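Please open the model in your viewer and show it as a cartoon. Keep the sequence panel at hand.

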Amino acid sequence: MIMLEGAKATTETVDALRTGAATMKAMQKATNIDDVDKTMDEINEQTENMKMIQEALSAPIGAAADFDEDELEAELEELESAELEEQLLQPATTAPAAAVHAPPGRQPTRPVPAKPTPEEDELAALQAEMAL
């Protein structure tokens with residue numbers, strides 16, 4: 001009985017494979033490789049056209065087109081160096097902290113950085129905007 005069931009399953013499998021092969025053969029006759037190549041060329045052409053359109057739309061217009069990236073970077077560095085000089089020239093508001101000696105094997109904890117000033121927030125926002 002088990003052998004008969006196995007033979008029946010094998011026969012059904014072979015029939016299904018024959019039917020699938022015949023269907024695939026009919027589909028391939030309906031599809032011409034030249035048509036497929038032509039369709040793929042059309043798709044690639046349309047994709048290139050869309051890329052060109054997107055590039056044209058993303059180009060800066062008017063005053064934005066006049067900005068030079070290198071010039072802006074140089075100006076930012078200049079402003080940052082001027083701000084650093086200002087900070088270095090300002091007198092210290094607190095006395096220097098005494099040296100902390102930690103026992104060997106233990107590292108002293110670092111102080112938590114102060115909350116950024118509005119100018120620092122604005123600078124960070126400008127830098128993030130320029131990175132785009």
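The tour below goes from the whole chain to single side chains.

**Before you start**

This is a predicted model, in which local features need pLDDT of at least 70, side-chain atom pairs count only at pLDDT 80 or more, and totals for chains, interfaces and linings use all residues. Residues are numbered from 1 along each chain as its sequence is written, and side-chain values use heavy atoms, with hydrogens and water left out.

**Stop 1: the whole chain**

Colour by secondary structure. The protein has 4 helices and 0 strands. From the N terminus, the order is α-α-α-α. Helices here are DSSP runs of H or I with at least four residues, strands are runs of E with at least two, and both are numbered from the N terminus.

Now colour by pLDDT, the predictor's confidence in each residue, from 0 to 100. The protein averages 83, and 79% of the residues score at least 70. Where pLDDT is low, the predicted coordinates should not be read in detail. Confidence is highest in helix α1 (residues 2–30), at a mean of 94, and lowest in helix α4 (residues 118–131), at 84.

How much of the protein is buried? Of the 132 residues, 1% are buried. Buried means under 20% relative accessible area, exposed means over 50%, and partly exposed lies in between (1.4 Å probe, protein chains only).

**Stop 2: helix α1**

Select residues 2–30, which make up helix α1. Of its 29 residues, 0 are buried, so α1 lies largely in the open. Check its length next. The expected span is 1.5 Å times one less than the number of residues. For α1 that gives 42 Å, and the end C-alpha atoms are 42 Å apart, which agrees.

Zoom in on D15 and R18. They form a salt bridge, with the closest N and O atoms 3.6 Å apart. A salt bridge puts a side-chain nitrogen of Lys or Arg within 4 Å of a carboxyl oxygen of Asp or Glu. The count by this rule is 2. D15 and R18 sit 3 residues apart in helix α1, about one turn. D15 is partly exposed at 38% relative accessibility, while R18 is exposed at 57%.

**Stop 3: helix α2**

Move to residues 33–58, helix α2. Show E48 and K51. Their side chains meet in a salt bridge at 3.9 Å, N to O. E48 and K51 are also 3 residues apart, about one turn of helix α2.

Finish with I33, V36, M40 and I43. These residues form a nonpolar surface patch with about 350 Å² of accessible area together. Patch members have over 30% relative accessible area and no salt bridge; like charges are joined within 9 Å, nonpolar side chains (Val, Leu, Ile, Met, Phe, Trp, Tyr) within 5 Å. M40 lies in helix α2 and is partly exposed, at 43%.

Note on methods. Areas by Shrake-Rupley, 256 points an atom, 1.4 Å probe, with all protein chains shown as cover.
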